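Hello,

Here is the structure for you to look over. My notes follow below it.

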There are 2 protein chains.
Amino acid sequence: MKRRTVFFLSDRTGITAETLGLSLISQFEDVHFSQVTLPFIDSIEKAADATNRINQCVANQGDKPIVFSTILDPSIRKVLERSDAYYIDFFKTFLPGLETELKIPSANVTGRIHSAGDPHAYNTRIEAVNYALNYDDGARTSGYDSADVILVGVSRCGKTPTCLYLAMQFGIRAANYPLTEDDLHVTTLPKMLRPHRQKLFGLTIDAKRLHAIRSSRSPNSTYATLQQCEREVKAVEDLFHHENIPFLSSTNLSIEELATKLMVISGIERRLR
Amino acid sequence: MKRRTVFFLSDRTGITAETLGLSLISQFEDVHFSQVTLPFIDSIEKAADATNRINQCVANQGDKPIVFSTILDPSIRKVLERSDAYYIDFFKTFLPGLETELKIPSANVTGRIHSAGDPHAYNTRIEAVNYALNYDDGARTSGYDSADVILVGVSRCGKTPTCLYLAMQFGIRAANYPLTEDDLHVTTLPKMLRPHRQKLFGLTIDAKRLHAIRSSRSPNSTYATLQQCEREVKAVEDLFHHENIPFLSSTNLSIEELATKLMVISGIERRLR
(Lines give C-alpha, C1' and ligand atoms only; values in the text may rest on other atoms or scores of the structure.)
Protein backbone atom coordinates (compact mmCIF):
# COMPACT_ATOMS: atom_id res chain seq x y z
CA MET A 1 0.00 0.00 0.00
CA LYS A 2 1.24 3.49 -0.84
CA ARG A 3 1.88 5.78 2.11
CA ARG A 4 1.89 9.54 2.31
CA THR A 5 2.03 12.08 5.07
CA VAL A 6 -0.55 14.84 4.98
CA PHE A 7 -0.16 18.16 6.77
CA PHE A 8 -3.04 20.47 7.61
CA LEU A 9 -1.69 23.97 8.19
CA SER A 10 -3.74 26.82 9.57
CA ASP A 11 -3.36 30.21 11.19
CA ARG A 12 -6.38 29.34 13.34
CA THR A 13 -7.97 26.05 14.45
CA GLY A 14 -7.15 23.93 11.40
CA ILE A 15 -10.77 22.79 11.13
CA THR A 16 -11.26 24.21 7.64
CA ALA A 17 -7.97 22.80 6.34
CA GLU A 18 -8.86 19.39 7.78
CA THR A 19 -12.42 19.32 6.48
CA LEU A 20 -11.29 20.22 2.97
CA GLY A 21 -8.20 18.03 2.96
CA LEU A 22 -9.99 14.99 4.38
CA SER A 23 -12.71 15.20 1.76
CA LEU A 24 -10.03 15.16 -0.95
CA ILE A 25 -7.85 12.37 0.43
CA SER A 26 -10.91 10.23 1.19
CA GLN A 27 -11.08 9.79 -2.58
CA PHE A 28 -7.81 7.84 -2.59
CA GLU A 29 -8.56 4.76 -0.56
CA ASP A 30 -5.54 2.80 -1.76
CA VAL A 31 -3.16 5.22 -0.09
CA HIS A 32 -2.48 5.19 3.64
CA PHE A 33 -2.27 8.78 4.84
CA SER A 34 -0.56 9.75 8.12
CA GLN A 35 -2.14 12.98 9.25
CA VAL A 36 -0.52 15.88 11.06
CA THR A 37 -2.43 19.04 11.98
CA LEU A 38 -0.42 22.17 12.78
CA PRO A 39 -2.86 24.84 13.95
CA PHE A 40 -2.26 28.46 15.02
CA ILE A 41 0.68 29.10 12.67
CA ASP A 42 0.51 32.85 13.15
CA SER A 43 4.14 33.94 13.09
CA ILE A 44 7.17 33.63 10.81
CA GLU A 45 8.87 31.51 13.49
CA LYS A 46 6.04 29.01 13.66
CA ALA A 47 5.97 28.89 9.86
CA ALA A 48 9.70 28.13 9.80
CA ASP A 49 9.18 25.31 12.36
CA ALA A 50 6.37 23.86 10.28
CA THR A 51 8.50 24.03 7.14
CA ASN A 52 11.27 22.15 8.94
CA ARG A 53 8.85 19.45 10.02
CA ILE A 54 7.58 19.05 6.48
CA ASN A 55 11.07 18.89 5.02
CA GLN A 56 12.15 16.42 7.69
CA CYS A 57 9.36 14.20 6.49
CA VAL A 58 10.69 14.26 2.92
CA ALA A 59 14.18 13.47 4.21
CA ASN A 60 12.87 10.48 6.21
CA GLN A 61 10.33 9.05 3.81
CA GLY A 62 11.34 10.03 0.32
CA ASP A 63 7.85 10.93 -0.87
CA LYS A 64 6.70 14.53 -0.78
CA PRO A 65 4.00 15.16 1.83
CA ILE A 66 0.70 16.63 0.75
CA VAL A 67 0.02 19.98 2.43
CA PHE A 68 -3.43 21.55 2.78
CA SER A 69 -3.13 25.11 3.91
CA THR A 70 -5.51 27.84 5.03
CA ILE A 71 -3.12 30.63 5.89
CA LEU A 72 -4.04 34.21 5.11
CA ASP A 73 -0.93 36.27 5.87
CA PRO A 74 1.16 36.41 2.67
CA SER A 75 4.48 36.70 4.55
CA ILE A 76 3.74 33.52 6.55
CA ARG A 77 2.52 31.81 3.40
CA LYS A 78 5.77 32.65 1.66
CA VAL A 79 7.81 30.79 4.29
CA LEU A 80 5.57 27.72 4.08
CA GLU A 81 5.63 27.64 0.30
CA ARG A 82 9.34 26.99 0.47
CA SER A 83 8.64 23.55 1.95
CA ASP A 84 9.25 20.59 -0.29
CA ALA A 85 5.67 19.35 -0.61
CA TYR A 86 2.69 19.01 -2.90
CA TYR A 87 1.12 22.22 -1.68
CA ILE A 88 -2.59 23.05 -1.87
CA ASP A 89 -3.38 26.57 -0.76
CA PHE A 90 -7.14 27.06 -0.45
CA PHE A 91 -7.16 30.83 -0.08
CA LYS A 92 -4.60 31.47 -2.79
CA THR A 93 -6.50 29.21 -5.15
CA PHE A 94 -9.90 30.85 -4.77
CA LEU A 95 -9.60 34.35 -3.32
CA PRO A 96 -8.20 36.12 -6.42
CA GLY A 97 -11.08 34.88 -8.60
CA LEU A 98 -13.63 35.91 -5.98
CA GLU A 99 -12.04 39.35 -5.67
CA THR A 100 -12.43 39.83 -9.41
CA GLU A 101 -16.01 38.56 -9.43
CA LEU A 102 -17.05 40.68 -6.43
CA LYS A 103 -14.94 43.66 -7.55
CA ILE A 104 -13.66 44.13 -4.00
CA PRO A 105 -10.37 43.19 -2.30
CA SER A 106 -10.48 40.46 0.36
CA ALA A 107 -9.88 41.46 3.96
CA ASN A 108 -7.00 39.08 4.63
CA VAL A 109 -8.01 38.83 8.26
CA THR A 110 -7.97 35.53 10.14
CA GLY A 111 -10.52 34.09 12.49
CA ARG A 112 -13.70 35.23 10.88
CA ILE A 113 -15.69 32.07 10.52
CA HIS A 114 -16.39 31.02 14.10
CA SER A 115 -19.03 32.61 16.21
CA ALA A 116 -17.07 34.07 19.13
CA GLY A 117 -17.20 37.55 17.69
CA ASP A 118 -20.96 37.46 17.37
CA PRO A 119 -22.63 37.31 20.80
CA HIS A 120 -26.03 36.59 19.29
CA ALA A 121 -24.75 33.54 17.42
CA TYR A 122 -22.81 32.44 20.49
CA ASN A 123 -25.89 32.66 22.70
CA THR A 124 -28.09 30.87 20.18
CA ARG A 125 -25.65 28.01 20.13
CA ILE A 126 -25.21 27.77 23.89
CA GLU A 127 -28.95 27.98 24.48
CA ALA A 128 -29.50 25.17 21.99
CA VAL A 129 -26.86 23.00 23.66
CA ASN A 130 -28.45 23.65 27.05
CA TYR A 131 -31.84 22.81 25.63
CA ALA A 132 -30.56 19.50 24.24
CA LEU A 133 -29.03 18.63 27.61
CA ASN A 134 -32.10 19.59 29.62
CA TYR A 135 -34.45 17.71 27.33
CA ASP A 136 -32.27 14.69 26.74
CA ASP A 137 -33.66 11.19 27.09
CA GLY A 138 -37.12 12.31 28.15
CA ALA A 139 -35.68 13.97 31.28
CA ARG A 140 -38.31 16.69 31.04
CA THR A 141 -41.33 16.86 28.80
CA SER A 142 -42.83 20.12 30.03
CA GLY A 143 -40.90 22.49 27.72
CA TYR A 144 -41.60 20.83 24.38
CA ASP A 145 -43.43 23.98 23.27
CA SER A 146 -40.09 25.62 22.57
CA ALA A 147 -38.56 22.61 20.82
CA ASP A 148 -37.79 22.80 17.11
CA VAL A 149 -37.85 19.03 16.88
CA ILE A 150 -38.37 16.07 19.21
CA LEU A 151 -36.49 12.93 18.27
CA VAL A 152 -38.15 9.67 19.22
CA GLY A 153 -36.77 6.15 19.02
CA VAL A 154 -35.62 3.16 21.06
CA SER A 155 -32.81 3.44 23.58
CA ARG A 156 -29.29 3.63 22.02
CA CYS A 157 -30.32 4.37 18.44
CA GLY A 158 -28.36 7.66 18.26
CA LYS A 159 -30.86 10.29 19.48
CA THR A 160 -28.59 12.12 21.93
CA PRO A 161 -25.58 12.76 19.66
CA THR A 162 -27.90 13.79 16.83
CA CYS A 163 -29.64 16.33 19.10
CA LEU A 164 -26.30 17.69 20.32
CA TYR A 165 -25.01 18.02 16.78
CA LEU A 166 -28.17 19.85 15.69
CA ALA A 167 -27.67 22.23 18.61
CA MET A 168 -23.96 22.81 18.21
CA GLN A 169 -23.88 23.11 14.43
CA PHE A 170 -27.19 24.73 13.61
CA GLY A 171 -28.50 26.19 16.88
CA ILE A 172 -31.59 23.99 16.63
CA ARG A 173 -33.46 23.15 19.83
CA ALA A 174 -33.77 19.39 19.72
CA ALA A 175 -35.31 17.32 22.52
CA ASN A 176 -35.35 13.56 22.55
CA TYR A 177 -37.68 11.02 24.06
CA PRO A 178 -36.88 7.32 24.36
CA LEU A 179 -39.66 4.94 23.38
CA THR A 180 -39.49 2.10 25.87
CA GLU A 181 -41.19 -1.26 26.20
CA ASP A 182 -44.08 0.45 28.03
CA ASP A 183 -44.65 2.87 25.17
CA LEU A 184 -44.33 0.19 22.54
CA HIS A 185 -46.89 -2.40 23.55
CA VAL A 186 -49.52 -0.19 21.98
CA THR A 187 -49.34 1.43 18.55
CA THR A 188 -50.35 4.86 19.75
CA LEU A 189 -48.13 7.70 20.89
CA PRO A 190 -47.37 8.28 24.55
CA LYS A 191 -49.79 10.87 25.87
CA MET A 192 -47.32 13.69 26.47
CA LEU A 193 -46.06 13.47 22.89
CA ARG A 194 -49.47 13.79 21.25
CA PRO A 195 -49.76 17.59 21.44
CA HIS A 196 -46.36 17.86 19.71
CA ARG A 197 -46.95 15.41 16.92
CA GLN A 198 -45.87 17.84 14.20
CA LYS A 199 -42.47 18.17 15.82
CA LEU A 200 -41.76 14.46 16.13
CA PHE A 201 -39.05 12.84 14.08
CA GLY A 202 -38.26 9.14 14.35
CA LEU A 203 -34.94 7.35 14.46
CA THR A 204 -34.65 3.66 13.87
CA ILE A 205 -31.73 1.28 13.60
CA ASP A 206 -30.97 -2.19 12.35
CA ALA A 207 -31.74 -4.66 15.18
CA LYS A 208 -28.39 -6.45 14.84
CA ARG A 209 -26.48 -3.18 15.13
CA LEU A 210 -28.58 -2.18 18.14
CA HIS A 211 -27.87 -5.55 19.71
CA ALA A 212 -24.10 -4.95 19.25
CA ILE A 213 -24.28 -1.43 20.72
CA ARG A 214 -26.36 -2.47 23.72
CA SER A 215 -24.23 -5.57 24.32
CA SER A 216 -21.06 -3.52 24.61
CA ARG A 217 -22.69 -1.37 27.30
CA SER A 218 -24.80 -3.92 29.14
CA PRO A 219 -23.44 -7.36 28.32
CA ASN A 220 -25.75 -10.32 29.01
CA SER A 221 -28.76 -8.15 29.87
CA THR A 222 -32.23 -8.93 28.57
CA TYR A 223 -32.25 -5.38 27.22
CA ALA A 224 -29.32 -6.21 24.90
CA THR A 225 -30.57 -9.52 23.49
CA LEU A 226 -31.12 -9.68 19.76
CA GLN A 227 -34.68 -10.84 20.35
CA GLN A 228 -35.46 -7.80 22.51
CA CYS A 229 -33.82 -5.45 19.99
CA GLU A 230 -35.79 -6.98 17.12
CA ARG A 231 -39.05 -6.63 19.03
CA GLU A 232 -38.45 -2.99 19.95
CA VAL A 233 -37.29 -2.01 16.45
CA LYS A 234 -40.30 -3.63 14.85
CA ALA A 235 -42.68 -2.00 17.31
CA VAL A 236 -41.15 1.46 16.87
CA GLU A 237 -41.23 1.24 13.07
CA ASP A 238 -44.87 0.11 13.22
CA LEU A 239 -45.59 3.14 15.38
CA PHE A 240 -43.85 5.53 12.96
CA HIS A 241 -45.85 4.11 10.04
CA HIS A 242 -49.10 4.08 11.96
CA GLU A 243 -48.72 7.65 13.24
CA ASN A 244 -47.17 8.97 10.02
CA ILE A 245 -43.99 10.13 11.71
CA PRO A 246 -41.10 10.75 9.31
CA PHE A 247 -38.05 8.73 10.25
CA LEU A 248 -34.48 7.80 9.34
CA SER A 249 -32.32 4.82 10.13
CA SER A 250 -29.05 5.53 11.90
CA THR A 251 -27.52 2.21 10.81
CA ASN A 252 -25.50 3.52 7.89
CA LEU A 253 -25.53 7.26 8.47
CA SER A 254 -23.09 9.40 10.41
CA ILE A 255 -24.38 11.92 12.92
CA GLU A 256 -23.73 14.70 10.40
CA GLU A 257 -25.76 12.89 7.77
CA LEU A 258 -28.63 12.12 10.15
CA ALA A 259 -28.79 15.76 11.23
CA THR A 260 -28.68 17.26 7.74
CA LYS A 261 -31.12 14.72 6.26
CA LEU A 262 -33.52 15.32 9.13
CA MET A 263 -33.46 19.03 8.34
CA VAL A 264 -34.17 18.43 4.65
CA ILE A 265 -37.06 16.04 5.38
CA SER A 266 -38.65 18.03 8.20
CA GLY A 267 -37.99 21.45 6.69
CA ILE A 268 -36.58 22.79 9.97
CA GLU A 269 -34.58 25.94 9.38
CA ARG A 270 -31.23 26.40 11.04
CA ARG A 271 -30.98 29.17 13.64
CA LEU A 272 -27.25 29.57 13.09
CA ARG A 273 -25.32 30.15 9.92
CA MET B 1 -23.89 47.47 0.68
CA LYS B 2 -23.34 44.94 -2.06
CA ARG B 3 -25.50 41.83 -1.93
CA ARG B 4 -24.90 38.39 -3.35
CA THR B 5 -26.56 35.03 -3.01
CA VAL B 6 -24.32 32.10 -2.24
CA PHE B 7 -25.25 28.49 -2.94
CA PHE B 8 -23.59 25.52 -1.27
CA LEU B 9 -24.20 22.43 -3.40
CA SER B 10 -23.38 18.92 -2.29
CA ASP B 11 -24.17 15.31 -3.06
CA ARG B 12 -24.05 14.63 0.68
CA THR B 13 -24.48 16.81 3.78
CA GLY B 14 -23.10 20.08 2.40
CA ILE B 15 -20.74 20.48 5.36
CA THR B 16 -17.58 20.53 3.23
CA ALA B 17 -19.09 22.95 0.70
CA GLU B 18 -20.19 25.25 3.55
CA THR B 19 -16.83 25.07 5.31
CA LEU B 20 -15.04 26.01 2.11
CA GLY B 21 -17.46 28.69 1.06
CA LEU B 22 -17.87 30.33 4.47
CA SER B 23 -14.14 30.58 5.01
CA LEU B 24 -13.84 32.33 1.64
CA ILE B 25 -16.80 34.71 1.84
CA SER B 26 -15.87 35.68 5.42
CA GLN B 27 -13.01 37.56 3.75
CA PHE B 28 -15.47 39.96 2.07
CA GLU B 29 -17.13 41.75 4.94
CA ASP B 30 -18.51 44.59 2.82
CA VAL B 31 -20.79 42.22 0.94
CA HIS B 32 -24.02 40.88 2.41
CA PHE B 33 -24.32 37.24 1.41
CA SER B 34 -27.66 35.39 1.47
CA GLN B 35 -26.86 31.72 1.96
CA VAL B 36 -28.66 28.71 0.52
CA THR B 37 -27.51 25.15 1.15
CA LEU B 38 -28.77 22.45 -1.19
CA PRO B 39 -27.57 19.09 0.19
CA PHE B 40 -28.06 15.55 -1.16
CA ILE B 41 -28.06 16.51 -4.86
CA ASP B 42 -27.59 12.93 -5.99
CA SER B 43 -29.63 12.70 -9.19
CA ILE B 44 -29.91 14.49 -12.54
CA GLU B 45 -33.41 15.65 -11.54
CA LYS B 46 -32.20 17.25 -8.30
CA ALA B 47 -29.35 18.87 -10.23
CA ALA B 48 -31.81 20.32 -12.73
CA ASP B 49 -33.95 21.69 -9.86
CA ALA B 50 -30.89 23.28 -8.28
CA THR B 51 -29.86 24.81 -11.61
CA ASN B 52 -33.33 26.31 -11.95
CA ARG B 53 -33.12 27.80 -8.48
CA ILE B 54 -29.75 29.33 -9.24
CA ASN B 55 -30.89 30.77 -12.57
CA GLN B 56 -34.07 32.11 -10.96
CA CYS B 57 -31.84 34.02 -8.61
CA VAL B 58 -29.99 35.67 -11.52
CA ALA B 59 -33.31 36.56 -13.13
CA ASN B 60 -34.58 38.18 -9.89
CA GLN B 61 -31.45 39.91 -8.66
CA GLY B 62 -29.28 40.62 -11.66
CA ASP B 63 -26.00 39.59 -10.04
CA LYS B 64 -24.65 36.12 -10.56
CA PRO B 65 -24.77 33.98 -7.44
CA ILE B 66 -21.57 32.44 -6.12
CA VAL B 67 -21.75 28.63 -6.11
CA PHE B 68 -19.53 26.39 -3.99
CA SER B 69 -19.91 22.81 -5.10
CA THR B 70 -18.67 19.46 -3.79
CA ILE B 71 -20.30 17.09 -6.25
CA LEU B 72 -18.42 14.01 -7.38
CA ASP B 73 -20.58 12.48 -10.13
CA PRO B 74 -19.48 14.06 -13.46
CA SER B 75 -22.93 13.70 -15.05
CA ILE B 76 -24.57 15.60 -12.17
CA ARG B 77 -21.77 18.14 -12.24
CA LYS B 78 -22.36 18.73 -15.93
CA VAL B 79 -25.98 19.76 -15.31
CA LEU B 80 -25.01 22.15 -12.52
CA GLU B 81 -22.22 23.75 -14.53
CA ARG B 82 -24.85 25.01 -16.92
CA SER B 83 -26.17 27.34 -14.23
CA ASP B 84 -25.45 31.02 -14.66
CA ALA B 85 -23.18 31.55 -11.67
CA TYR B 86 -19.65 32.19 -10.51
CA TYR B 87 -18.96 28.51 -10.02
CA ILE B 88 -16.30 27.09 -7.69
CA ASP B 89 -15.99 23.34 -8.07
CA PHE B 90 -13.94 22.00 -5.22
CA PHE B 91 -13.27 18.48 -6.47
CA LYS B 92 -12.68 19.47 -10.07
CA THR B 93 -10.13 22.05 -8.92
CA PHE B 94 -8.01 19.76 -6.79
CA LEU B 95 -8.58 16.09 -7.65
CA PRO B 96 -6.76 16.03 -11.02
CA GLY B 97 -3.56 17.46 -9.48
CA LEU B 98 -3.71 15.02 -6.58
CA GLU B 99 -4.27 12.11 -8.99
CA THR B 100 -1.10 13.10 -10.85
CA GLU B 101 0.90 13.57 -7.65
CA LEU B 102 -0.27 10.26 -6.12
CA LYS B 103 -0.18 8.45 -9.47
CA ILE B 104 -3.53 6.85 -8.76
CA PRO B 105 -7.06 7.65 -9.98
CA SER B 106 -9.54 9.02 -7.44
CA ALA B 107 -12.43 6.80 -6.40
CA ASN B 108 -15.19 9.22 -7.31
CA VAL B 109 -17.36 7.79 -4.56
CA THR B 110 -19.45 10.02 -2.30
CA GLY B 111 -19.91 9.83 1.42
CA ARG B 112 -16.46 8.82 2.52
CA ILE B 113 -15.56 11.41 5.07
CA HIS B 114 -17.97 10.75 7.91
CA SER B 115 -17.57 8.01 10.41
CA ALA B 116 -20.72 5.91 9.84
CA GLY B 117 -18.84 3.38 7.75
CA ASP B 118 -16.26 2.85 10.46
CA PRO B 119 -17.83 1.25 13.57
CA HIS B 120 -14.69 1.83 15.64
CA ALA B 121 -14.70 5.57 14.94
CA TYR B 122 -18.46 5.70 15.52
CA ASN B 123 -18.13 3.99 18.89
CA THR B 124 -15.20 6.17 19.98
CA ARG B 125 -17.28 9.22 19.26
CA ILE B 126 -20.43 8.01 20.98
CA GLU B 127 -18.49 6.82 24.03
CA ALA B 128 -16.83 10.24 24.27
CA VAL B 129 -20.20 12.02 24.04
CA ASN B 130 -21.62 9.74 26.73
CA TYR B 131 -18.58 10.40 28.88
CA ALA B 132 -19.01 14.16 28.53
CA LEU B 133 -22.68 13.87 29.49
CA ASN B 134 -22.05 11.58 32.46
CA TYR B 135 -19.24 13.72 33.81
CA ASP B 136 -20.79 17.10 33.06
CA ASP B 137 -20.89 19.78 35.73
CA GLY B 138 -19.29 17.66 38.43
CA ALA B 139 -22.20 15.20 38.30
CA ARG B 140 -19.82 12.34 39.03
CA THR B 141 -16.20 12.49 40.05
CA SER B 142 -15.55 8.78 40.51
CA GLY B 143 -14.54 8.01 36.91
CA TYR B 144 -11.93 10.70 36.39
CA ASP B 145 -9.29 7.98 35.91
CA SER B 146 -10.55 7.47 32.37
CA ALA B 147 -10.79 11.18 31.53
CA ASP B 148 -8.43 12.66 28.95
CA VAL B 149 -8.99 16.12 30.40
CA ILE B 150 -11.03 17.69 33.21
CA LEU B 151 -12.13 21.26 32.57
CA VAL B 152 -12.47 23.45 35.63
CA GLY B 153 -13.90 26.93 35.91
CA VAL B 154 -16.75 28.99 37.31
CA SER B 155 -20.35 28.29 36.39
CA ARG B 156 -21.32 29.46 32.84
CA CYS B 157 -17.85 30.05 31.47
CA GLY B 158 -18.28 27.58 28.58
CA LYS B 159 -17.10 24.27 30.03
CA THR B 160 -19.98 22.08 28.85
CA PRO B 161 -20.05 23.03 25.15
CA THR B 162 -16.26 22.80 25.01
CA CYS B 163 -16.37 19.26 26.46
CA LEU B 164 -19.11 18.23 24.03
CA TYR B 165 -17.18 19.63 21.09
CA LEU B 166 -14.00 17.81 22.16
CA ALA B 167 -16.03 14.60 22.34
CA MET B 168 -17.93 14.99 19.09
CA GLN B 169 -15.07 16.27 16.96
CA PHE B 170 -12.04 14.50 18.38
CA GLY B 171 -13.40 11.59 20.46
CA ILE B 172 -11.74 13.04 23.55
CA ARG B 173 -13.14 12.13 26.97
CA ALA B 174 -13.64 15.46 28.66
CA ALA B 175 -15.16 15.86 32.10
CA ASN B 176 -15.93 19.18 33.68
CA TYR B 177 -16.13 20.37 37.25
CA PRO B 178 -17.61 23.72 38.30
CA LEU B 179 -15.61 25.66 40.86
CA THR B 180 -18.17 27.22 43.17
CA GLU B 181 -18.04 29.72 45.98
CA ASP B 182 -17.25 26.87 48.40
CA ASP B 183 -14.24 25.78 46.38
CA LEU B 184 -13.02 29.29 45.85
CA HIS B 185 -12.70 30.69 49.36
CA VAL B 186 -9.40 28.82 49.63
CA THR B 187 -6.64 28.80 47.04
CA THR B 188 -6.18 25.06 47.04
CA LEU B 189 -7.84 22.51 44.82
CA PRO B 190 -10.96 20.66 45.90
CA LYS B 191 -9.91 17.32 47.37
CA MET B 192 -11.35 15.07 44.66
CA LEU B 193 -9.49 16.97 41.95
CA ARG B 194 -6.06 16.67 43.53
CA PRO B 195 -5.22 13.15 42.30
CA HIS B 196 -6.03 14.30 38.73
CA ARG B 197 -4.04 17.51 38.74
CA GLN B 198 -2.19 16.65 35.52
CA LYS B 199 -5.49 16.38 33.67
CA LEU B 200 -6.90 19.72 34.81
CA PHE B 201 -7.39 22.54 32.37
CA GLY B 202 -8.85 25.87 33.40
CA LEU B 203 -11.38 28.09 31.68
CA THR B 204 -11.87 31.67 32.66
CA ILE B 205 -13.99 34.49 31.27
CA ASP B 206 -14.23 38.25 31.47
CA ALA B 207 -16.36 39.14 34.52
CA LYS B 208 -18.60 41.54 32.53
CA ARG B 209 -19.32 38.89 29.92
CA LEU B 210 -20.06 36.34 32.67
CA HIS B 211 -22.39 38.85 34.30
CA ALA B 212 -24.26 39.26 31.00
CA ILE B 213 -24.54 35.48 30.45
CA ARG B 214 -25.70 34.77 33.99
CA SER B 215 -28.13 37.69 33.98
CA SER B 216 -29.90 36.42 30.91
CA ARG B 217 -30.47 33.06 32.63
CA SER B 218 -31.05 34.16 36.22
CA PRO B 219 -31.99 37.83 36.18
CA ASN B 220 -31.66 39.70 39.47
CA SER B 221 -29.98 36.84 41.29
CA THR B 222 -26.98 37.36 43.56
CA TYR B 223 -25.24 34.75 41.42
CA ALA B 224 -25.52 37.02 38.37
CA THR B 225 -24.34 40.29 39.92
CA LEU B 226 -21.22 41.85 38.47
CA GLN B 227 -19.68 41.94 41.93
CA GLN B 228 -20.16 38.21 42.41
CA CYS B 229 -18.84 37.45 38.91
CA GLU B 230 -15.76 39.60 39.51
CA ARG B 231 -15.08 37.86 42.83
CA GLU B 232 -15.40 34.36 41.35
CA VAL B 233 -13.30 35.13 38.28
CA LYS B 234 -10.53 36.65 40.38
CA ALA B 235 -10.55 33.70 42.78
CA VAL B 236 -10.48 31.13 40.00
CA GLU B 237 -7.63 32.85 38.20
CA ASP B 238 -5.68 33.05 41.46
CA LEU B 239 -6.24 29.33 41.89
CA PHE B 240 -5.04 28.55 38.34
CA HIS B 241 -1.88 30.59 38.92
CA HIS B 242 -1.28 29.20 42.37
CA GLU B 243 -1.76 25.57 41.29
CA ASN B 244 -0.04 26.01 37.94
CA ILE B 245 -3.07 24.92 35.96
CA PRO B 246 -2.94 25.93 32.28
CA PHE B 247 -5.99 27.95 31.30
CA LEU B 248 -7.72 29.87 28.52
CA SER B 249 -10.28 32.63 28.48
CA SER B 250 -13.51 31.94 26.65
CA THR B 251 -14.32 35.64 26.29
CA ASN B 252 -13.13 36.08 22.72
CA LEU B 253 -12.80 32.49 21.53
CA SER B 254 -15.34 30.28 19.83
CA ILE B 255 -15.91 26.75 21.10
CA GLU B 256 -13.85 25.43 18.17
CA GLU B 257 -10.98 27.72 19.07
CA LEU B 258 -11.13 26.86 22.77
CA ALA B 259 -11.11 23.14 21.98
CA THR B 260 -8.25 23.24 19.50
CA LYS B 261 -6.11 25.62 21.58
CA LEU B 262 -6.64 23.45 24.64
CA MET B 263 -5.34 20.47 22.67
CA VAL B 264 -2.25 22.35 21.54
CA ILE B 265 -1.46 23.61 25.06
CA SER B 266 -2.17 20.37 26.93
CA GLY B 267 -0.75 18.08 24.26
CA ILE B 268 -3.82 15.82 24.35
CA GLU B 269 -4.00 13.64 21.27
CA ARG B 270 -7.24 13.22 19.43
CA ARG B 271 -8.82 9.75 19.47
CA LEU B 272 -10.65 10.37 16.21
CA ARG B 273 -9.40 11.51 12.87
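In which sense do strand β7 (residues 200–204) of chain B and β8(B) pair, and over how many bridges? They pair in the parallel sense, over 3 bridges; two strands count as paired if DSSP finds at least two bridges between them. Helices (H or I, at least four residues) and strands (E, at least two) are DSSP runs numbered from the N terminus.

This is a predicted model: local features need pLDDT of at least 70, side-chain atom pairs count only at pLDDT 80 or more, and totals for chains, interfaces and linings use all residues. Residues are numbered from 1 along each chain as its sequence is written, and chains are lettered from A and ligands numbered from 1 in the order in which they are written.

The sheet in chain B is open and has 4 strands, in the order β6-β5-β7-β8, with parallel pairing. Its edge strands are β6 (174–178) and β8 (247–249) of chain B. B:Gly202 has B:Phe247 in β8(B) as its bridge partner. Helix α10 (residues 255–266) of chain B lies across β5, β7 and β8 of chain B, at about 155° to β8(B) (axes are lines fitted to C-alpha atoms, for helices over the stretch in contact, and angles run from 0 to 180 degrees between N-to-C directions).

Between the chains, the contact takes 54 residues from chain A and 52 residues from chain B (contact: C-beta atoms, placed from the backbone, within 7 Å). On the chain A side, α1(A) gives the largest share, 7 residues.

Chain A superposes on chain B by a rotation of 180° with 0.0 Å of shift along the axis, RMSD 0.1 Å (least squares on C-alpha atoms of residues with pLDDT of at least 70 in both). The two copies are thus related as by a two-fold rotation axis.

Regards

Methods
Contact = placed C-beta atoms within 7 Å.
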